[in-house]
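Me: I'm new to this one. Could you show me how to read a few features?

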Amino acid sequence: MVDTAFIVEVIIIWIKVVVVALVLFSMPLALTWIERKVAGHIQVRLGPFRVGPHGILQAFADMVKMLFKEDVIPDRADRLLFKIAPLLMMVPVFAIFVAIPFGDKVTLPFTDRELTLYISDMNVGIIYVLAVSGLAVYGVIFGGWASNSKYALLGGLRSSAQMISYEVVMTFAAVGVVMLANSLSLVDIVRSQSGGFWHWNILYLPVGPVWFFIFFIAGLAELNRIPFDLPEDEGTLAAGYHVEYSGMRFAFFMLGEYVAMVSISALAVVLFFGGWDDPLGPFAFGIPPILWFVAKVMVFIYIFMWIRFTLPRYRYDQLMTIGWKVLIPISMANVLVTGFMRI
Amino acid sequence: MNEKKVKIVKRDTPGALDLAKKTVFLDFIKGLSITLRYNLSRSITIRYPDEEKWIPYPRFRGAHTLNRDEEGRELCVACELCVKACPTNCITVVPMEDDTGKGIADRVAKVWEVDLARCFFCGYCEDACPTTAVRLGRDYELACFELDKARKTKEELLKPQSVPEDFEGGIIVQAKLQRTKSGIKVKPNLWKKKEKK
Ligand code: SF4
Ligand code: SF4
């Protein structure tokens, strides 16, 4: 049963997993630098400038600093939960990338092997992604609970309420996309949008843009980013759920948040912006599809940062109002409209 | 008794226009376009110790200098008017007789010291001086590790200034950070002007 083809297959999957994991691990280093640069320039400053040319090594300096910091565990904290909470936050956001397709098949040079640029094409990919991304909130809740601190606990509770409200909205947006693509597999969803930007779900008028906005707002809320970063609201909660964390454990939380940002960006690209599809469709001039994917994800990451340094934070009741009283009714109406359009 | 009139304040109900504005996220778009504009504009940061340095205007009141006349004679006649004028009492002048032509008169300062840790750069000393010997110059990097270093003696003050008196100033120039034995200095290159809006 175990023949060479099978072994080669396993090795290839291993290589893909390792490559994706390495890329994701190194991503936050670049992203913190980019985020601080974007913040600086939006505020007419320069951002980090002293470590390396244009401060490009700042992230490494920060990493070294984090590694050498004391790892403080509060006296009455629940030690086990406190230790595993950052990992609980980090693992699910990495696991999301198992299902995300970065590109279609490519033929390896010098061999005639076909290589798929995704780790797995599950036929229920979108459900897997939603389920796994919902798990990340356990890290936040446990972190808040285990710290034995009021601020952290409140942060954790806020996060759980936020997650419950917006998970519903997010799922609705996914339902919309599934209705448009007639498939739950992320690869098929991308394929259904191929052939130029006018085939993308965002331009499926009139429901496409609405679905996208619903997805985007829910995504912002799931990421705990401004304007919905209530679990770590500095103004009222010091630093929210990670107020007691320091050193590498804190860095893991940050890592988790950045990778989550990448994952939501990738998901937005896959669901609404045609994944690896060339926007020029038939007039394409041969830019490899994977580059298109990366470029689109980068644009989204920039948008997240841009929004962060533009908008103020919402109040907690406003957050809930937007979720339950605005987005869910709109989603329901939109499901109806989409259904009629697909008859 | 006159009855209290209760005024009912009616809150403006959001009109159709407001609603329309909300649905297309008009306020967000405005805000985002402002931040985008700033993101693309030039930063106003002066990269101070590493690459750029601000050269103040001549009217700037920085560390003291003692001047000489065209023939190199010390202008200070040790009249001690600056000592009297100083509100913080930080100048010490001890006069002595000298007819070797070191000064412009036969009286020069044996000791002329100012304690920059106490000085608050009001400029009264410079106003009081009858011979315009003492001037507040344009050096503003005065931090030091030991308190004694903040006392400037006559020898130090008589040295020429880092920025010449007739230099226009009010500009940012190229500079270099220098670490020497005596401390950290930011050496300006006065003729390499940097434009900043
Ligand atoms: S500037 Fe003012 S405080 Fe400083 S030495 Fe002159 S008179 Fe005194
Ligand atoms: S600096 Fe001027 S005021 Fe002070 S002692 Fe000398 S001449 Fe007199």
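Me: Where is Phe68(A) found?

Reply: Phe68(A) is in helix H2 (residues 58-68) of chain A; helices (H or I, at least four residues) and strands (E, at least two) are DSSP runs, numbered from the N terminus. This is a predicted model, where local features need pLDDT of at least 70, side-chain atom pairs count only at pLDDT 80 or more, and totals for chains, interfaces and linings use all residues. Residues are numbered from 1 along each chain as its sequence is written, chains are lettered from A and ligands numbered from 1 in the order in which they are written, and side-chain values use heavy atoms, leaving out hydrogens and water.

Me: Is Phe68(A) buried or exposed?

Reply: Buried means under 20% relative accessible area, exposed over 50%, and partly exposed in between (1.4 Å probe, protein chains only). Phe68(A) has 72%, so Phe68(A) is exposed.

Me: How is a pair of aromatic rings described?

Reply: You give the distance of the centres and the angle of the planes. Rings of Phe, Tyr and Trp (its six-membered ring) pair if their centres lie within 6.5 Å; planes under 30 degrees apart are stacked, over 60 edge-to-face, and the rest tilted. Over all chains, the structure holds 21 aromatic pairs. Take Tyr166(A) and Phe228(A): their ring centres are 5.9 Å apart and the planes are at 35°, so this pair is tilted. Tyr166(A) lies in helix H5 (residues 150-181) of chain A, and Phe228(A) in the loop between helix H7 (207-222) and helix H8 (234-237), so the pair ties together parts 62 residues apart in sequence. Both Tyr166(A) and Phe228(A) are buried.

Me: And what do Phe60(B) and Tyr140(B) form?

Reply: Phe60(B) and Tyr140(B) form an edge-to-face aromatic pair, 6.0 Å centre to centre with 70° between the planes. Phe60(B) is partly exposed at 29% relative accessible area, and Tyr140(B) is partly exposed too, at 28%.

Me: Which residue lies over the face of Tyr140(B)?

Reply: A charge sits over a ring if NZ of Lys or CZ of Arg is within 6 Å of the ring centre and within 35 degrees of the ring normal. Here Lys53(B) lies over the face of Tyr140(B), 5.5 Å from the ring centre.

Me: What classes make up the shell around ligand 2?

Reply: A residue counts as near if one of its heavy atoms lies within 4 Å of the molecule. Around ligand 2 you'll find residues including Cys76(B), Glu80(B), Trp112(B) and Thr131(B). Ala, Val, Leu, Ile, Met, Phe, Trp, Tyr, Cys and Pro count as nonpolar, Asp, Glu, Lys and Arg as charged, and the others, Gly among them, as polar. That shell has 10 nonpolar, one polar and one charged residues.
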